[in-house]
Amino acid sequence: MTLLLGVILILSDTFEQRPAFHIAALTFLPVLLSSIRSSIRLIGVTEALPAGRSQLMGQAWIYILLAAFIPVLLYHSILLTLSSHAKFVGGVWRTN
């Protein structure tokens, strides 16, 4: 939701010919920083486990991309569990 709102604000400011760099930085900097942190972790793991380097590098993209979207998934799952419309039925959270 934050990324969507940020993109909408960036586009609206751009079309109105107002500066939008500060909004772009606030929108995409957390995603960029989490991707950088994941890349550094991946480099550390490949240095610690040189035998599995080829297998790790084959799946490296998923470690980098998931780090950016895990907070979004956690946010929505917390909202779902706190919502009064959600019910736990048959081992799955369902909404009315």
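**View 1. Asp13 in helix H1.** Asp13 has its place in helix H1, residues 2-15; helices (H or I, at least four residues) and strands (E, at least two) are DSSP runs, numbered from the N terminus. The structure is a predicted model, in which local features need pLDDT of at least 70 and side-chain atom pairs count only at pLDDT 80 or more, while totals for chains, interfaces and linings use all residues. Residues are numbered from 1 along each chain as its sequence is written, and side-chain values use heavy atoms, with hydrogens and water left out. Asp13 counts as buried because its relative accessibility is 5%; buried means under 20% relative accessible area, exposed over 50%, and partly exposed in between (1.4 Å probe, protein chains only). The side chains of Asp13 and Arg18 are joined by a polar contact of 2.8 Å. A polar contact is a pair of N or O atoms within 3.5 Å; within protein, one must be able to donate a hydrogen and the other to accept it, and residues adjacent in sequence count only if both atoms are side-chain atoms. Not counting residues up to four places away in sequence, Asp13 touches Arg18, Pro19, Ala20 and Ile23, where contact means heavy atoms within 4.5 Å.

**View 2. Thr46 in helix H2.** Thr46 lies in helix H2, which covers residues 21-48. With a relative accessible area of 2%, Thr46 is buried. A polar atom of the Thr46 side chain lies 2.8 Å from the backbone oxygen of Ile43. Leaving aside neighbours within four places in sequence, Thr46 is in contact with Arg53, Leu56 and Met57. One of these, Leu56, is ten residues from Thr46 in sequence, and the two are 7.1 Å apart in space, C-alpha to C-alpha.

**View 3. A nonpolar surface patch that includes Leu66.** Leu66, Ile70, Leu73, Leu74, Ile78 and Leu82 make a nonpolar surface patch of about 590 Å². Like charges are joined within 9 Å, and nonpolar side chains (Val, Leu, Ile, Met, Phe, Trp, Tyr) within 5 Å. Accessible areas come from the Shrake-Rupley method with a 1.4 Å probe; for residues, only the protein chains shown count as cover. Leu66 is found in helix H4, residues 60-82, and counts as partly exposed at 41% relative accessibility.

**View 4. The whole protein.** The protein has four helices and two strands, in the order α-α-α-α-β-β along the sequence. Of its 96 residues, 17% are buried. The accessible surface comes to about 7700 Å², and 73% of this belongs to carbon and sulfur atoms.

Definitions and conventions: Patch = residues over 30% accessible without salt bridge, like charges linked within 9 Å, V, L, I, M, F, W, Y side chains within 5 Å. Salt bridge = Lys/Arg side-chain N within 4 Å of Asp/Glu carboxyl O.
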